[in-house]
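Please keep the sequence and the model in view while reading.

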2 protein chains.
Amino acid sequence: MSKFEKTEKNRVRTAARRGHYDKKTIYEIIDEALICHVGIVEDGVPFVIPSIHARNEDKILLHGSKASRLLKHIAAGHQVCVTITLLDGLVLARSIFNHSINYRSVVLFGTGRMIEDEQEKMQALETLSEFITPGRWDVTRKPNAKEMNITTIVELSIDSASAKIRTGPPVDVKADYELPVWAGTLPIQQQILPPVADPKLADGIPTPDYLADY
Amino acid sequence: MSKFEKTEKNRVRTAARRGHYDKKTIYEIIDEALICHVGIVEDGVPFVIPSIHARNEDKILLHGSKASRLLKHIAAGHQVCVTITLLDGLVLARSIFNHSINYRSVVLFGTGRMIEDEQEKMQALETLSEFITPGRWDVTRKPNAKEMNITTIVELSIDSASAKIRTGPPVDVKADYELPVWAGTLPIQQQILPPVADPKLADGIPTPDYLADY
């Protein structure tokens, strides 16, 4: 299956022309993002918690402390919504009304399970680590038994998802193009700055190449 | 009141030392962010929708299409969770376990109402516009009656909120400082790139100063 079925749950309603349901588009957004926002319902109250994530085929991995209320809730099999947003720019039109935002976002729904098998858990941690900081897994100290024990990893099966994308210049109503107002976009980019060494870094350890290329 | 009361709802549990409850800290994060993630519950299902926002004293303004399911839900007075995350960097430790993220996040809860009074609604639109793109309100065409009519603005009263902040270098366990592993941070910044004029921009309209300084 290369597309998610369009249902009442994932259908993009407002500006429906911006909706996308194919996995390629959706997964590229998930893979580019460093953080997601995870929504759950507890006692009827919505909670939205930021998290890092990784994608493993049709699954999303989330991890954190064994004490995490969010992860316990997900592990119990409740419905979860994960939203990812890449902000690409501010769109400045000639009218206030037609101001907009360029963005790529994904809203996905799924249910999770805790990864308990030790080998599968270690593999999931490697996937998370390499998703966020490629190259680190092989050079750092791996989790020991105590650390594994206080870490929870959950795997969410994506049941439904859609992306919403806006790109390009402002679109004004015809008459407004006559107005002497500057219009265009302010592109926005998430920039990774040069690595900053830990003040406690021992002498003689160079900045690794995989960071320079990040 | 300069602080939000710490309750079961807003209490930062995991890494509680990173929790903040004072309005100054919380509002600075809200004010710096360009987008938020809004969580609601419909038929027991969590939905998390990205949105732009503005803060007006102890209230959050959200706006969008009159057809927006999210805004209708908020206007009906249901509980809402708004989460804002500023990602400041990746924290690379000597062990996988102590890898982390530098961030400033806010999770707030409230209930909303629709702004229906025309004058109050126009004022709220100005607040939103100036929050996101200072300087635009005075130079662009203001919303006309038809545009006002198809725009919904809701005002959320913040009932409860907390911030969670991590800064600084990695913190490793003592023995790991002996490892020959590079450690430090990769700072991340949201960067506004130079303005890109609309291809349809009329000749002779210069890029305004308020954009150069954004």
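**How the two chains meet**

The model is a predicted one.

**Symmetry**

- Chain A is superposed on chain B by a rotation of 180 degrees, with 0.0 Å of shift along the axis and an RMSD of 0.0 Å. This is the relation of a two-fold axis.
- Which residue of chain A comes closest to the rotation axis? That residue is Gln190(A), whose C-alpha lies at 2.3 Å from the axis.

**The contact between chains A and B**

- Chain A contributes 80 residues to the contact, and chain B contributes 80 residues.
- On the side of chain A that touches chain B, the elements giving two or more residues are the strands S2 (36-42), S3 (45-51), S5 (59-65), S6 (79-92), S7 (100-114), S9 (184-192) and S10 (196-197), together with helix H3 (118-132).
- S9(A) gives the most to this side of chain A, with 9 residues.
- By residue class, the side of chain A that touches chain B divides into 48 nonpolar, 22 polar and 10 charged residues.
- Strand pairing also crosses from one chain to the other: S10(A) pairs with strand S9 of chain B, residues 184-192, in the antiparallel sense over 2 bridges. Within this pairing, Val196(A) has Thr185(B) as its bridge partner in S9(B).

**Strand pairing around S8 of chain B**

- Strand S8 of chain B, residues 151-166, is joined by 2 bridges to strand S1 of chain B, residues 19-20, and the two run antiparallel. Lys164(B) in S8(B) is the bridge partner of Gly19(B).
- S8(B) also pairs with strand S5 of chain B, residues 59-65, in the antiparallel sense over 7 bridges. Opposite Leu62(B) stands Val154(B) in S8(B).
- A further antiparallel pairing, over 12 bridges, links S8(B) with strand S7 of chain B, residues 100-114. Here Arg113(B) stands opposite Glu155(B) in S8(B).

**Helix H1 of chain A**

- Helix H1 of chain A covers residues 23-32, and its residues Ile26(A), Ile29(A) and Ile30(A) are buried. Seen down the axis of H1(A), the buried residues fall within an arc of 100 degrees, so they line one face of the helix.
- Which exposed residues does the face of H1(A) turned away from its buried side carry? They are Lys24(A), Asp31(A) and Glu32(A).
- The cover over the buried residues of H1(A) includes strands S1 (19-20), S4 (54-56), S6, S7 and S8 (151-166) of chain A.

**Tyr103 of chain B**

- Tyr103(B) belongs to strand S7 of chain B.
- Is Tyr103(B) buried or exposed? Tyr103(B) is buried, because 21 other C-beta atoms lie within 10 Å and the cut-off for a buried residue is 20 or more.
- Leaving aside residues up to four places away in sequence, Tyr103(B) touches Thr85(B), Leu86(B), Leu87(B), Asp88(B) and Arg166(B).
- Met122(B) is 19 residues apart from Tyr103(B) along the chain, and the C-alpha atoms of these two residues are separated by 34 Å.

Terms used. Residues are numbered from 1 along each chain as its sequence is written. Chains are lettered from A and ligands numbered from 1 in the order in which they are written. This is a predicted model: local features need pLDDT of at least 70, side-chain atom pairs count only at pLDDT 80 or more; totals for chains, interfaces and linings use all residues. Copies are superposed by least squares on the C-alpha atoms of residues with pLDDT of at least 70 in both. Two residues are in contact if their C-beta atoms, placed from the backbone, lie within 7 Å. Helices (H or I, at least four residues) and strands (E, at least two) are DSSP runs, numbered from the N terminus. Ala, Val, Leu, Ile, Met, Phe, Trp, Tyr, Cys and Pro count as nonpolar, Asp, Glu, Lys and Arg as charged, and the others, Gly among them, as polar. Two strands pair if DSSP finds at least two bridges between them. A residue is buried if 20 or more other C-beta atoms lie within 10 Å of its own, exposed if 12 or fewer, and partly exposed in between; C-beta atoms are placed from the backbone. The arc is that of the directions from the helix axis to the C-beta atoms.
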